[in-house]
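Please read the following report alongside the sequence and the 3D structure. It begins with the contact between chains and then turns to individual residues and pairs.

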Amino acid sequence: AQSVTQLDSQVPVFEEAPVELRCNYSSSVSVYLFWYVQYPNQGLQLLLKYLSGSTLVESINGFEAEFNKSQTSFHLRKPSVHISDTAEYFCAVRNFGNEKLTFGTGTRLTIIP
Amino acid sequence: DAGVIQSPRHEVTEMGQEVTLRCKPISGHDYLFWYRQTMMRGLELLIYFNNNVPIDDSGMPEDRFSAKMPNASFSTLKIQPSEPRDSAVYFCASNEQGSGYGYTFGSGTRLTVV
């Protein structure tokens, strides 16, 4: 069975500072990896995904994540955050050949003006 | 497409009452998932369907919970009888096999059992 660990439950960051949200996964088979974002009182929205190919994936709003197979990690980064990035971020993993997504416990990103 | 549609958005009910949550997946999606989100337990997968057939219901908490998908465009999650510990946000999501796009989530139903 697959699992996801997000060690940081809350991350406060000053506006325009860089941020990294950590995600580690465990699986006995090859995986797909995802980051979802949840704004207050809303459902989850797909932020970016790694399926295959380049290990560095990017979103349209400046976030990026890098798949590191040796470290079983998929950390999310942004070089300069904005107030509008305040949200909860969930890392998720899916095994090849299985449609079931397993989520981490989430990281609440708070931007300090 | 209007996305995944859930109803109601909010539900307040008394302990012991029956609660029914509804979900309309995206047309053409062949997978449907029900998740529950709480502060204590995060996002938990309750059950998922493929082509209207339940595939994995190991996350359903107990016999008080049941889910159905009578056709490709509708699913229900029922709790009978409801208890205060069932208070949570319940999300429905759908996906098309092999699309690689991840799930599309509904806006959720916030259930409060008093």
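## The interface of chain B and chain A

The area buried between chain B and chain A is about 1500 Å², and carbon and sulfur atoms give 54% of it; buried area here is the accessible area, taken with a 1.4 Å probe, that two parts lose on being put together, summed over both. This is a predicted model, in which local features need pLDDT of at least 70 and side-chain atom pairs count only at pLDDT 80 or more, while totals for chains, interfaces and linings use all residues. Residues are numbered from 1 along each chain as its sequence is written, chains are lettered from A and ligands numbered from 1 in the order in which they are written, and side-chain values use heavy atoms, with hydrogens and water left out.

The contact, meaning heavy atoms within 4.5 Å, takes 21 residues from chain B and 17 residues from chain A. Across this interface there is 1 salt bridge, a term for a side-chain nitrogen of Lys or Arg within 4 Å of a carboxyl oxygen of Asp or Glu. The salt bridge joins D56(B) to K100(A), with the closest N and O atoms 3.4 Å apart. On the side of chain B that touches chain A, the strands β4 (31-38), β5 (42-50) and β9 (88-95) of chain B each supply at least two residues, and β4(B) gives the most, with 4 residues; strands are DSSP runs (E, at least two residues), numbered from the N terminus.

## Aromatic rings

Over all chains the count comes to 18 aromatic pairs, where rings of Phe, Tyr and Trp (its six-membered ring) pair if their centres lie within 6.5 Å, with planes under 30 degrees apart counted as stacked, over 60 as edge-to-face and the rest as tilted. Y35(B) and F105(B) form a tilted pair, at 5.9 Å centre to centre and 45° between the planes. This pair links distant parts of the chain, since Y35(B) lies in strand β4 of chain B and F105(B) in strand β10 (residues 104-105) of chain B, 70 residues apart. Both Y35(B) and F105(B) are buried, a word used for under 20% relative accessible area, with exposed meaning over 50% and partly exposed in between (1.4 Å probe, protein chains only). The two residues also belong to one aromatic cluster, which includes F34(A), Y36(A), Y31(B) and F33(B).

## Two buried residues with polar side chains in contact

S75(B) is found in strand β8 (residues 74-79) of chain B, and it counts as buried because its relative accessibility is 0%. Its side chain makes a polar contact of 3.0 Å with the side chain of W34(B); a polar contact is a pair of N or O atoms within 3.5 Å, where within protein one must be able to donate a hydrogen and the other to accept it, and residues adjacent in sequence count only if both atoms are side-chain atoms.

In chain A, K78(A) is found in strand β9 (residues 73-78), and its relative accessible area of 6% is why K78(A) is buried. The side chains of K78(A) and D85(A) are joined by a polar contact of 2.9 Å.

## Salt bridges within the chains

The whole structure holds 14 salt bridges over all chains. In one of them the side chains of R77(A) and E20(A) meet at 2.8 Å, N to O, linking strand β9 of chain A with strand β3 (residues 19-21) of chain A across 57 residues. R77(A) is partly exposed, with a relative accessible area of 27%, and E20(A) likewise counts as partly exposed, at 35% relative accessibility.
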